[in-house]
Amino acid sequence: ATAAAAAGKEPSTRRMLGANSSGSVAGGNWSGTTPTCVSDVVPSTCEDVTIASLGDYGWMISRLLYGPSERAAISVLGPASLVVNRLQLQFAKDFLRIACVDANLTGSLSPTEAKLFDIPSGPCEILWMSGTTSTGGAGWQLTYTSQANAHDGGSTTTESDTTDDDDEVYGKPWTWHNYMRANASAWVMLVVMLLVVAATYYLQRTWDTRQNRLQHRSEITKQGHAFSVEIVKHFLPTAKTQAQQFRGMMKKMETISISYTKLGLELPSGKVVLQDITGKFEAENMCAILGPSGAGKTTFMNVLCGRATYGKMSGTVSINGCAADMNDFKSVMGFVPQDDIVFEDLTVREQIQFSARLRNDVRLSARRIGQITDDVLSILQMDHIQNVVVGGVEKRGISGGQRKRVNIGLEVAAQPTILFLDEPTSGLDSTSSLAVAMSLKRLCALGMTSVMVIHQPRYSLFTLFDEVLLLGPGGRTVYLGSSLGVKGYFESVGFEMPKDENPADWFMDVMSGEQKNNSDPDFKPAKLFDMWVKRGESRVAAPSGNLQPSRMGSDLDEVFKQALEEVWDVVDINRDGRMQQEELLALLVQCLQQVVSDDAVVRDLMERMAGKNAEHVTKAQFTDYFMSLKETIAHDVLMVQDEESHSDDDASAASSDSSDGEYDSNEEERFYRRKSMTGLDRQVPGLCRQTQILLVRRMVQWWRMSEQRVPFLGALIVAALFFACLDRWWVPLALWSVRPLLFTHTTLALLLSIFCLHVFGSNQPLFWRERQRGISVLGTFIARVLINALDVILQTFVFTTVYFIVRQPRIPYAHWMWPMILTAFAAAGWGYLVSTLVPERHGPFMVTLVVFVTCGLIANPDKLDKFLHGGFMEYVVDLTSITSWSNAMSFCRAKETLHLHLTDPVDIAEYAFQEDLYTRRDWGFGPCSTPPYAITLIGVLLLLASFTGLWFRNRDKHV
């Protein structure tokens with residue numbers, strides 16, 4: 001009271017302060033007297049001091065509050081009990097904080113005094129009031145409160161500012177202006193994310209527009225060719241023309257014939273499923289492998305391709321007469337699996353287009369790739385559905401037969417020199433099967449050799465095959481040769497085909513033992529092997545007088561040319577020796593008996609005959625164009641120009657290859673040297689180019705996955721709202737406390753890790769298929785992770801922003817967001833890793849268990865304190881527990897921003913505990929700078945582990 005009077009201040013009841021009944025202050029060395037200087041009682045080295053319940057005992061306060069500590073506290077539970085413990089305190093009832101110290105009792109704070117406690121300088125008020133202590137005796141408590149103006153725009157927040165108040169926003173009255181200003185960073189991020197989504201939407205629309213334009217162009221090309229054929233038929237009904245012409249796919253520079261000697265396979269169990277298969281498939285032939293179930297048809301083809309790694313292979317395979325490993329010809333070899341393994345979220349055209357870009361020669365132009373895509377769509381009769389999403393079981397798209405054709409088209413788009421197909425007609429009706437076989441037959445005219453396993457074909461389809469290999473039960477040869485010679489061979493060994501029987505079905509009955517042999521009453525299917533061996537010939541030729549079906553017939557060139565010259569006289573109406581676009585349009589109307597409404601078709605025909613931007617067509621150009629219609633490959637003016645430019649690139653590349661040393665005298669080395677110079681070892685796109693293509697493909701898929709993304713976004717929003725309401729209203733905790741953040745961070749990590757399981761867990765057969773075709777594993781990994789990062793960022797932003805806006809944690813949004821982003825990055829790594837190591841059906845359970853243990857249980861502050869004392873467990877926690885680091889990061893951000901001055905003893909103890917816990921680990925960057933590096937390290941290690949798992953896991957899977 002004396003000091004207050006001396007300072008010229010009136011006593012106030014703003015703060016309760018205790019004094020004894022006599023008005024004097026009881027205290028140890030100062031018993032019975034009033035301290036003349038506050039600094040004698042509270043040393044200036046203590047930043048935050050609490051004095052409580054000192055009673056009438058002579059405590060030596062100046063000795064108790066010693067040392068350069070950040071904070072100190074004194075608690076008296078009884079007359080003889082005093083506890084001073086910075087980490088774990090027991091407190092009495094009445095606590096007050098010394099907010100500022102007026103060392104010389106002048107009534108105001110000097111700048112030096114204010115700086116010690118981070119309090120504005122200005123007048124101080126000494127408040128005294130009588131009262132009693134919690135121990136029942138008289139005593140004193142004191143505090144100083146500053147009367148200086150509050151901080152305007154400052155970042156310091158006292159404990160009274162950290163309590164939630166629905167009528168305030170960061171300590172200011174609640175208005176929309178204050179609310180928007182306080183959350184400005186969050187709204188900016190919202191705008192940025194909306195712009196990103198809008199940009200991806202724009203890119204998707206641009207992509208769709210481009211695909212529609214490509215479809216329109218292919219339709220014009222197809223319609224123009226159809227009109228050309230109609231013109232020929234109108235004037236020359238007997239002339240032979242091609243209903244379809246290849247405009248992108250070209251004749252093979254080098255063909256492949258494949259020979260095999262004593263091929264066999266023994267399973268690990270010791271069972272022999274294939275033995276002593278010897279023969280040859282000639283180049284440019286369509287070959288079939290038939291036999292009853294269990295005959296080893298697919299096994300034989302897998303051994304032939306070198307893919308039967310599940311057993312011990314024997315025998316030799318030769319390419320063009322030289323022993324070779326089929327893996328050396330991966331770039332020119334295609335394999336169509338029996339199952340329709342395609343991308344369900346891409347259109348038909350996109351499937352073919354991306355396959356063509358990834359597996360064709362890197363020197364091919366974009367226009368040429370587009371023409372190859374058009375050829376595949378046309379020959380497989382898919383051009384009318386080219387922009388339809390394939391779909392799957394849950395979301396219907398194209399039909400099963402069309403899906404089968406897409407499966408074949410993925411390999412045909414790579415322009416393989418040899419193509420293996422595992423039951424390409426299974427699941428198709430006889431008409432569709434015949435159409436597929438006819439398409440493959442036409443591809444053989446380009447120099448492709450096709451070998452396929454086929455099941456119960458109709459006879460008209462059976463006769464399309466140039467060569468047939470029949471396998472009996474046990475995997476041994478029953479017949480090899482012309483498809484037209486099978487019937488004669490079986491009849492020669494004593495079998496007789498019933499009248500009106502389908503020969504193909506009858507062959508299967510003979511091999512299954514369902515037909516009796518007139519020459520051997522005791523016939524059994526196993527005797528067919530001996531019959532073939534006794535024959536002594538490796539191949540049965542076609543019967544004399546029976547020719548294989550002609551691939552393409554044609555009239556005599558001179559007759560055809562003379563007839564076209566006569567047509568020209570009809571076309572050249574004004575007799576100027578040139579055909580204008582109007583004359584061509586009149587010709588089309590005359591031949592088609594209908595009006596041609598699309599001028600683009602007429603323009604396309606003009607350019608095919610005379611070149612790009614041609615205004616007229618000469619007689620020679622007209623004749624040459626229609627003469628080219630009888631060829632398998634288009635040779636119009638536009639195509640010739642493309643071929644010349646592409647040939648120049650090939651010639652320069654071949655020249656550079658051939659200049660590298662002289663030929664070796666060894667025949668096999670000469671063959672491989674020739675292979676590299678021609679078409680058997682193409683220069684496919686490298687890692688960077690493949691990664692670019694895969695990124696584009698993944699982006700297209702990403703946008704079409706929006707329906708799958710919505711449930712996860714909904715779950716994140718609901719979780720964010722729940723935790724924000726829980727932490728703000730239902731079970732409020734201090735804003736600096738990490739305990740509510742533990743659940744928030746763990747929830748985010750769990751949801752994102754589950755979401756990321758699909759990145760490598762789904763469509764695994766597609767990945768295996770592409771890896772076997774030479775697509776880079778690293779490129780696939782980079783493309784999938786980078787595009788999935790869009791989802792990780794989007795979902796983290798949604799979760800974090802919703803929580804931030806509702807909870808109002810009173811720290812900058814960037815400080816709040818950054819730990820969440822790093823948590824999401826590392827949690828995604830757990831999803832990637834689990835998806836590469838365990839089957840897809842077990843992924844959710846495994847990743848939930850891992851995240852719950854490492855992020856939820858281990859990172860709990862009470863348990864974490866027991867682990868961070870060195871030893872093995874600390875290393876485990878450091879390298880696996882994401883949230884133990886993210887919580888430390890959030891605590892440091894709150895500590896730096898809020899500048900807390902706590903009064904509640906429980907808060908003081910908890911704060912001290914968390915401060916010690918989350919600043920204990922330091923890797924040399926500082927306690928508060930280590931967590932970002934640690935989380936980044938965890939994420940990088942998980943990514944490396946995921947890539948390793950992707951590379952080595954299931955390497956024996958062949959599709």
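**Largest cavity and its surroundings**

The lining of the largest cavity divides into six nonpolar, two polar and six charged residues, where Ala, Val, Leu, Ile, Met, Phe, Trp, Tyr, Cys and Pro count as nonpolar, Asp, Glu, Lys and Arg as charged, and the others, Gly among them, as polar. This is a predicted model, in which local features need pLDDT of at least 70 and side-chain atom pairs count only at pLDDT 80 or more, while totals for chains, interfaces and linings use all residues. Residues are numbered from 1 along each chain as its sequence is written, and side-chain values use heavy atoms, with hydrogens and water left out.

**Cavities**

- On a 1 Å grid over the protein atoms alone, a cavity is a set of points where a 1.4 Å probe fits but cannot get out, a pocket is an open set with protein on both sides within 12 Å along at least five of seven lines, and lining residues have an atom within 4 Å of a point.
- The count comes to nine cavities of 30 Å³ or more, and the largest cavity has a volume of about 150 Å³, a volume being the space filled by probe spheres set on grid points that are joined across faces, edges and corners.
- Of the 14 residues that line the largest cavity, S355, R359, L410, R697 and E770 are the closest to its centre.
- Helix α8 gives the largest share of this lining, five residues, and α8, α10 (400–412) and α26 (764–772) each supply at least two; helices are DSSP runs (H or I, at least four residues) numbered from the N terminus.

**Second largest pocket**

- The second largest pocket holds about 940 Å³ of space, and of its 34 lining residues the closest to its centre are E344, D345, E394, M705 and Q708.
- By class, the lining of the second largest pocket has 14 nonpolar, 11 polar and nine charged residues.

**Helix pairs**

- Helix α8 (residues 348–359) and helix α9 (residues 366–379) pack at an angle of about 130°, with their axes 9 Å apart, where axes are lines fitted to C-alpha atoms over the stretch in contact and angles run from 0 to 180 degrees between N-to-C directions.
- The helices α8 and α9 are therefore oblique to each other, given that angles under 35 degrees count as roughly parallel, over 145 as roughly antiparallel, 65 to 115 as roughly perpendicular and the rest as oblique.
- The axes of helix α18 (residues 599–610) and helix α19 (residues 619–627) come within 8 Å and cross at roughly 100°, which makes α18 roughly perpendicular to α19.
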